[in-house]
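Hi,

Here is the structure I promised to pass on to you. Have a look at it first, and then read my notes below.

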Amino acid sequence: MASITPPAIEGLCALAEESCLCRDFPAAIRCLEAALCSPDSFPLSPLLESQIRLRLASLLLAHTHNLHDAKSHLERSLLLLSPLPSAPLPLKLLTHSMLSNTYHLVGAIRQQKHILFKAIQLVNHSSGLVLPRDEALMWMCNFQSQMASALAVEANYPGSLEAIESAKVAAEGTGSPELKVFFAASELHIHLLHWDDSQVVGSAVQRCAGLWEEIPSYQKQRCTGLFLYAELLRTFYLLRTCDYKTASQRVEMLDLAMKKEMQRLEKVKEINSELLSIQRNLSQPDQHQMERFALEEKQGRLCERLKAETGLDIDFLDLDYEDKLYLAPQPMDGEWLPRNAVFAIVDLMVVMVGRPKGIFKECGKRIQSGLQLIYGELVKLGIVDGVTEMNLQQSTIWMAGLYLMLLLQFLENKVAVELTRSEFVEAQEALIQMKHWFVRFPTILQGCESTIEMLRGQYAHSVGCFREAAFHFVEATKLTDSKSMQSMCQVYAAVSNICLGDPESTSQALDLVGPVYQIMESFVGVREKTCIIFVYGLLLMKQQNLQEARIRLASGLKIAHQQLGNIQLVSQYLTILGTLALQLHDNAQAREILKSSLTLAKTLYDIPTQIWVLSVFTDLYRELGEKENENENSEYKRKKEDDLQRRLADAHLQKHHHELIAMERIKVQPLNEAVLKQMETGPSVRTDLDIPESIGLPPTKPASGPRLRDRKRR
């Protein structure tokens, strides 16, 4: 290799930048690596070497999975810069910031906190002296934000909130309304992760919403990423507290913002494509001067258009707008999640507020949309057929975990939708997909095992295998520390035991419901309470305590109707209350209640509940002596039963049916220690979605109508 002279080094650096302009990042990386291979006769100055290493590290972080080399370059760069009094302070601060982020990515939280302490001290000592005050405040916001994230990873939530408070003081000094919202949202996120006091969380929600309203309208248009972040957190809160009506309104706003952003993204892609073409033409050495002048003029116009579309006042060639949604201005590390992950979460929210209402057509579209986005991102991460977590590079584990968790959320909702619609084969296929993903990535998805067991129980119950269903529900309670999840699975297991009908099973149902009934007021929201009351009412009916059952169930219906908006649960409540009214000889009320229940069950395509209602109608018409209505109703019920039996037979014939209902846990390889260690160090707080468990769980599903009804009448 020929000796590399300083002009050659300068040329390699220029060539690297030109390669970046043409989006040829591998070539840019090779040029910078070559520039670092300076022979002893032409040693690089410490400042130049640190700058080259810093640029190389930024490319490695952005366009490769080579975290190890990026970390090494940043550590060397900081080592070179630290003793240099002539080194620009912003360069030192940038190196600290990038190294902190890299430590975070590799799970080296202790080293990250150490480097952040040094950076914060550096800013404090330089503010107003070497650094202008506003610039120092922005750097302080950046480092305190990273510190809050690092402390949250260690579950040091008080320390994280303290760091955010320091950042809020700095943000106040900048006068930036966007930064105020950013840190209010960060504070809300911590409270959602560590839900200590519902009143405190609610106050954080209101504070964040109030600060957003203070941003001028013209600025809001440029803060799409910040809006989506803050609104998604607010939606998580509303769903956790079961305020589905308000949540639906927020999700509509999120969906509208996402669609506008997607349209803007298409324009940005077109502009970037034109700019890339111009840059390639300008790089041609034989370009005519007039042609070059025209291209440069066009390039300038396109840059202005790009700035107008994105609202970001940075060089377009450094703007990775197509992949990221920014939350705060530079030098803030303000990205929450990749753009497609945020879009997928918005789709998921649309599904979660639509499914309880029975809006299944739109839910189906959004499930497909979300799955397509996620599958595309998984392929980019190298997760294709045959790849397991043993094959993952360290740098991809967290992002893979994010998309895999979202994937299972979508599949979970698909299972719930298909079971509600009595499409058992489709539900079976989605559940098998969940199982296969879990087997391939058991460490990353270990938190999903309880959900899969719960869904196996839901499937088994839906196809009439009640003993198997009860087994899977009980197993699900053993696989989670969540009191909410445990209580819901105990409720589901109780329903399955009630459907078995024998004295021992009924006794087991009482044993399951009793403890959760005592603590039902302790849950955030009312979802658990309504389901517990539902099953408690069933048990009171079996004990012939009809008046008490009626009072309890009426209270549960009121909550389910006014707060949950879950029409399947409302339909089931109405059916039981209609049955009670009939048993108490209140035939007029029974008729009205059952009409409403049947209407809702038809809306949901919920065949078992329809059969259940029709069976009670038959009893009602028989008692009233309405023979014609009784015969007509019985014929309609027979058709529905034939339809249900056909669907059940199809499900039982599928090869995966016995695999799903088998009374055994899923067998997986032992957890991968390397992946587990990486998982335990924790992701950035902004990649922990913490989508609440009080959403995403299917409602209680009674057995096919006649079987459940007959048991209750005995």
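A word you will need throughout is "buried": a residue is buried at under 20% relative accessible area, exposed at over 50%, and partly exposed in between, using a 1.4 Å probe and protein chains only. Please keep in mind that this is a predicted model, where local features need pLDDT of at least 70, side-chain atom pairs count only at pLDDT 80 or more, and totals for chains, interfaces and linings use all residues. Residues are numbered from 1 along each chain as its sequence is written, and side-chain values use heavy atoms, with hydrogens and water left out.

First, the whole chain. It has 31 helices and zero strands; these are DSSP runs numbered from the N terminus, with helices being H or I of at least four residues and strands E of at least two. Of its 714 residues, 57% are buried. The C-alpha atoms fill a box of roughly 105 × 50 × 50 Å along the principal axes.

Now to helix α8, residues 157-174. The expected span of a helix is 1.5 Å times one less than its number of residues. For the 18 residues of α8 this gives 26 Å, which agrees with the 26 Å between its end C-alpha atoms. Its buried residues include Tyr-157, Ile-164 and Ala-171. Seen down the helix axis, the buried residues of α8 fall within an arc of 155°, so they line one face; the arc is that of the directions from the axis to the C-beta atoms. Pro-158, Glu-162, Val-169 and Glu-172 are exposed on the face turned away from that buried side. Among what covers the buried residues are α7 (133-153) and α9 (177-193). After α8 comes Gly-175, with a positive phi near 75°.

Next, the aromatic rings. Rings of Phe, Tyr and Trp (its six-membered ring) pair if their centres lie within 6.5 Å; planes under 30 degrees apart are stacked, over 60 edge-to-face, and the rest tilted. By this rule there are nine aromatic pairs. One of them is Phe-182 with Phe-183, edge-to-face at 4.9 Å centre to centre and 75° between the planes; both residues are buried. Phe-534 and Tyr-573 also pair edge-to-face, at 5.4 Å and 80°. That pair links distant parts of the chain, 39 residues apart: Phe-534 sits in α23 (527-542) and Tyr-573 in α25 (567-583). Phe-534 and Tyr-573 are both buried.

Finally, is Cys-37 buried, exposed or partly exposed? Cys-37 counts as partly exposed because its relative accessibility is 46%. You will find Cys-37 in the loop between α2 (25-35) and α3 (46-63).

Enjoy exploring!

How values were computed
Contact = heavy atoms within 4.5 Å.
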